[in-house]
Amino acid sequence: MRDLRIRTASVDDAESVLAFWKEAAEGTSITDDVDGVTRLITRDPEALILAEAGGLLVGSVIAGYDGWRCSLYRLAVLPSHRRRGISAALLAAAEKRFVAAGGRRGDAMVLEANEQAHRAWASAGYHREDHWRRWVKPFT
């Protein structure tokens, strides 16, 4: 896309990001609220990367780096804008961030049932590691 703009999110974007995720992302998270998104942006201002086309939010990815792991979450593209290179542009921005910080490998959280996402991640050069499983415990 020629008019695609990649940028980091600001606190002012929290509500529009949440609305975007309801339309474009699969699944929900315990942190899907204004406070959760605001905390992410405040703690790591470069972590939430957005794609805009013509002033419309069309994509997102969270590229979190804790000094040890490069973690990718919430890669999402507006359904009407898929298959236009938006996820590739978002991942390129995330990977550039990781490499600049000294990261060595990107780990993506991908829903097991989201076959479309599996194909997108594979086309971006990522592969599934079946010997790992995610273990979670909500704190609330």
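Trainee: Which residues of helix 2 are buried?
Mentor: Keep in mind that this is a predicted model. In helix 2, which covers residues 34-43, the buried ones are Gly 36, Val 37 and Ile 41. Looking down the axis of helix 2, those buried residues fall within an arc of 130°, so they line one face of the helix.

Trainee: And what's exposed on the other side of helix 2?
Mentor: Thr 42 and Arg 43 are exposed there.

Trainee: OK, what covers the buried residues of helix 2?
Mentor: The cover includes helix 1 (14-24) and strand 2 (48-53).

Trainee: At what angle do helix 1 and helix 2 pack?
Mentor: About 115°, and their axes are 9 Å apart. The crossing of helix 1 past helix 2 is right-handed.

Trainee: Which residues make that contact?
Mentor: Helix 1 brings Ala 14, Glu 15, Leu 18 and Trp 21, while helix 2 brings Val 34, Val 37 and Thr 38. Sorted by class, the contact has five nonpolar residues, one polar and one charged.

Trainee: Switching topic: which residues touch the most other members in the largest nonpolar core?
Mentor: Trp 21, Leu 48 and Leu 72, out of 35 residues in that core. Elements giving two or more residues to this core include helix 1, helix 2, strand 2, strand 3 (56-65) and strand 4 (70-77). Helix 3 (86-101) and helix 4 (115-123) are also on that list.

Trainee: Back to Trp 21, what does it touch?
Mentor: Leaving out residues up to four places away in sequence, Trp 21 touches Asp 32, Val 37, Leu 48, Ser 60, Ile 62 and Arg 74.

Methods: Residues numbered from 1 in each chain as written. Predicted model: local features only at pLDDT ≥ 70, side-chain atom pairs only at ≥ 80, totals over all residues. Heavy atoms only, no water. Buried < 20%, exposed > 50% of the residue type's maximum accessible area, 1.4 Å probe, protein only. Helix = DSSP H or I, 4+ residues; strand = E, 2+ residues; numbered from the N terminus. Arc of directions from axis to C-beta. Contact = heavy atoms within 4.5 Å. Axes fitted to C-alpha atoms, helices over the stretch in contact; angles between N-to-C directions. Left-handed = near helix turned anticlockwise from the far one by under 90°. Nonpolar A, V, L, I, M, F, W, Y, C, P; charged D, E, K, R; others polar. Core = buried A, V, L, I, M, F, W, Y, C linked by side-chain atoms within 4.5 Å.
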